[in-house]
Amino acid sequence: MAEGNKSTLKGDQNNKWTLNGMTALVTGGARGIGHAIVEELLKLGASVHTCDRDETELDESLRRWKAHGHSVTTTALDDEHRARIIDEIPLRRIGKPEEISSAVAFLCMPAASYITGQTLFVDGGFTL
Ligand SMILES: NC(=O)c1ccc[n+]([C@@H]2O[C@H](COP(=O)([O-])OP(=O)(O)OC[C@H]3O[C@@H](n4cnc5c(N)ncnc54)[C@H](O)[C@@H]3O)[C@@H](O)[C@H]2O)c1
């Protein structure tokens with residue numbers, strides 16, 4: 001584990017701005033740059049969701065982040081687990097980023113102004 005992973009996670013008292021109320025998604029948060037970005041965003045007050053292939057290291061980080069009172073959730077997904085999930089998706093593939101973002105963009109548009117309180121599943125039929 002990199003030395004940087006052992007930071008104290010103390011907030012910077014001199015920060016003139018925060019990310020309170022914001023949510024960030026960070027990939028590869030168990031180690032290295034992804035891990036450092038998670039910690040930086042948490043220190044600034046953001047809620048963070050992070051994923052990684054390394055479940056052991058990710059769980060270890062999650063325990064530490066929670067112990068510091070941070071708002072963080074994780075998803076561990078190794079290649080074997082990924083293949084099992086794809087088998088359960090009717091479209092037999094993982095969604096592309098643009099397939100998710102286009103649904104998000106639509107819900108942000110005036111064209112969606114009369115849609116309230118709905119949950120739109122963009123998951124290739126996984127939840128059917
Ligand atoms: N370290 C550097 O100086 C540096 C410089 C420029 C670019 N980069 C690039 O930045 C990225 C991260 O570098 P790093 O040094 O932090 O690497 P790292 O190996 O220390 O950390 C990468 C993390 O991402 C996870 N990961 C990799 N593929 C994944 C996947 N498909 N799904 C989920 N998790 C995944 C790994 O399990 C690991 O925890 C790499 O692409 C690297 O090439 C690194």
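Start by selecting helix 1: its buried residues pack against strand 1 (23-27), strand 2 (47-52), helix 2 (55-67) and strand 3 (72-76). Buried means under 20% relative accessible area, with exposed over 50% and partly exposed in between (1.4 Å probe, protein chains only). This is a predicted model: local features need pLDDT of at least 70, side-chain atom pairs count only at pLDDT 80 or more, and totals for chains, interfaces and linings use all residues. Residues are numbered from 1 along each chain as its sequence is written, and side-chain values use heavy atoms, with hydrogens and water left out.

**Helix 1, residue by residue.** Which residues of helix 1 are buried? Select G34, H35, V38, E39, L41 and L42. They cover an arc of only 165° around the axis, which puts them on the same side of helix 1. The arc is that of the directions from the helix axis to the C-beta atoms.

Now check the length. Helix 1 covers residues 32-43, and its end C-alpha atoms are 17 Å apart. At 1.5 Å a residue, its 12 residues should span 16 Å, so the two values agree. The expected span is 1.5 Å times one less than the number of residues.

Step past the helix to G45. Its phi is positive, near 100°.

**The whole chain.** Zoom out and colour by secondary structure. There are 4 helices and 3 strands, in the order β-α-β-α-β-α-α along the sequence. Helices (H or I, at least four residues) and strands (E, at least two) are DSSP runs, numbered from the N terminus. The chain has 128 residues, and 24% of them count as buried. Of the contacts with a separation of 6 or more, 58% join residues 24 or more positions apart. A contact means heavy atoms within 4.5 Å.

**A loop stop.** Select R92, in the loop between helix 3 (79-88) and helix 4 (97-108). Its phi is near 60°, a positive value in a residue other than glycine.

**The ligand.** Select it last. G28, A30, R31, G32, I33, D52 and R53 surround the ligand, each with a heavy atom within 4 Å of it. Look for these polar contacts (pairs of N or O atoms within 3.5 Å):

- I33: a polar backbone atom is 2.6 Å from a ligand oxygen atom.
- D52: a side-chain N or O atom is 2.5 Å from a ligand oxygen atom.
- R53: a side-chain N or O atom is 3.2 Å from a ligand nitrogen atom.

Taken alone, the ligand exposes 830 Å², and the protein buries 40% of that. Accessible areas come from the Shrake-Rupley method with a 1.4 Å probe.

Note on methods: Polar contact = N/O pair within 3.5 Å; in protein donor to acceptor, adjacent residues only side chain to side chain.
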